[in-house]
Each structure stands twice: as C-alpha cells, then as structure tokens.
Amino acid sequence: MPNFSKGIQAEKTALTFLLNKGYSLLEKNLRTANSEVDLVVLDEQFDEIVFVEVKYRETRSYGDGSQAVDQRKLNSMIKVANSYLRKKQFKKSYRFDIISVSGNLERPEIRHFENITWL
C-alpha cells in the first residue's frame, strides 16, 4: 500500500478511535493557505474543540509518530485553528492533540497525546 494510502487509513483509524471515545467530527483535512490539520473534533466531555494531527509509523525504529510533530508543525496548526475559529465564530475552548498510529493498520497501536502545547 503506498504511503499516501496508509496515511489516509491511519486518519480513518484515528477518527474511529476518537468517535469511540465520544468525540464528534467537525472537519477533516482542514486547510488554510500552506497549512493543514488532519481532524477537527469536538470533545463532548469538556465542550472543547480539538485540532488533531495524525501521524503513522509502520515501525517504531525511528521513534513514535508523535515525535514528528515539532514546533513548526504546531505553529502551522495554530494558524489553521485561528482561521477556523474566526470563520465559524466559535467561542469554545480549544486544544491541539496528536494521534500516533503505528504497526499493522489492521490492528494498529494507537496513542493519544492531548494538549500538545508543551512542544
């Protein structure tokens, strides 16, 4: 399976994971200029909008997929979030999360990192 297809499958896996945790989908592959966020969901428990970056790694030889999200990517996510929140005129709290998907996509390991502003 080509890497692009694996990335799409990993995003579907991450979305299913979040929906099962009680989140609601607001947007997929949200773009602003040169920036993108994979998923925008609503965390119903905290009434909070969550901007999610999904990273897939077939193996952990080079570390967890979450390690691929650096300050530059977080800044890009912030740009998209600010544009989206302005456009939709949301007055809710928001945060940034990473979903790391690794291994076989039929039975992946999923790790959820919440509130990644510690980058």
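Visitor: What is the relative accessible area of E114?

Guide: E114 has a relative accessible area of 39% and is therefore partly exposed, a class lying between buried (under 20%) and exposed (over 50%), with a 1.4 Å probe and protein chains only. The model is predicted, so local features need pLDDT of at least 70 and side-chain atom pairs count only at pLDDT 80 or more, while totals for chains, interfaces and linings use all residues. Residues are numbered from 1 along each chain as its sequence is written, and side-chain values use heavy atoms, with hydrogens and water left out.

E114 takes part in a salt bridge with K21, whose closest N and O atoms are 3.9 Å apart; the term requires a side-chain nitrogen of Lys or Arg within 4 Å of a carboxyl oxygen of Asp or Glu. This pair connects distant parts of the chain: K21 lies in the loop between helix 1 (3–20) and strand 1 (23–32), E114 in the segment after strand 5 (109–113), and 93 residues separate them. Helices (H or I, at least four residues) and strands (E, at least two) are DSSP runs numbered from the N terminus. K21 is likewise partly exposed, at 41%. Both residues belong to a network of salt bridges that links K21, D43, E48, R95, D97 and E114. The count by this rule is 11 salt bridges.

Another acidic residue, E53, is buried, with a relative accessible area of 4%. E53 forms a salt bridge with K55, the closest N and O atoms being 3.4 Å apart, and one with K73, again at 3.4 Å. The K73 pair joins helix 2 (residues 71–88) to strand 3 (residues 48–57), over 20 residues of sequence. K73 is itself buried, at 17%.

After helix 2 comes Q89, with a positive phi near 55°.

The sheet is open and has five strands in the order 1-2-3-4-5, with mixed pairing; strands pair if DSSP finds at least two bridges between them. Strand 1 and strand 5 are at the edges with a single partner strand each, so one side of each lacks a neighbour in the sheet. Neighbouring strands are turned by 30° against each other on average, direction ignored. Strand 4 and strand 5 pair in the antiparallel sense over five bridges, and I99 stands opposite H112 in strand 5. Helix 2 packs on this sheet, touching strand 1, strand 2, strand 3 and strand 4, at about 60° to the direction of strand 2. Contact here means heavy atoms within 4.5 Å, and angles run from 0 to 180 degrees between N-to-C directions of lines fitted to C-alpha atoms, for helices over the stretch in contact.
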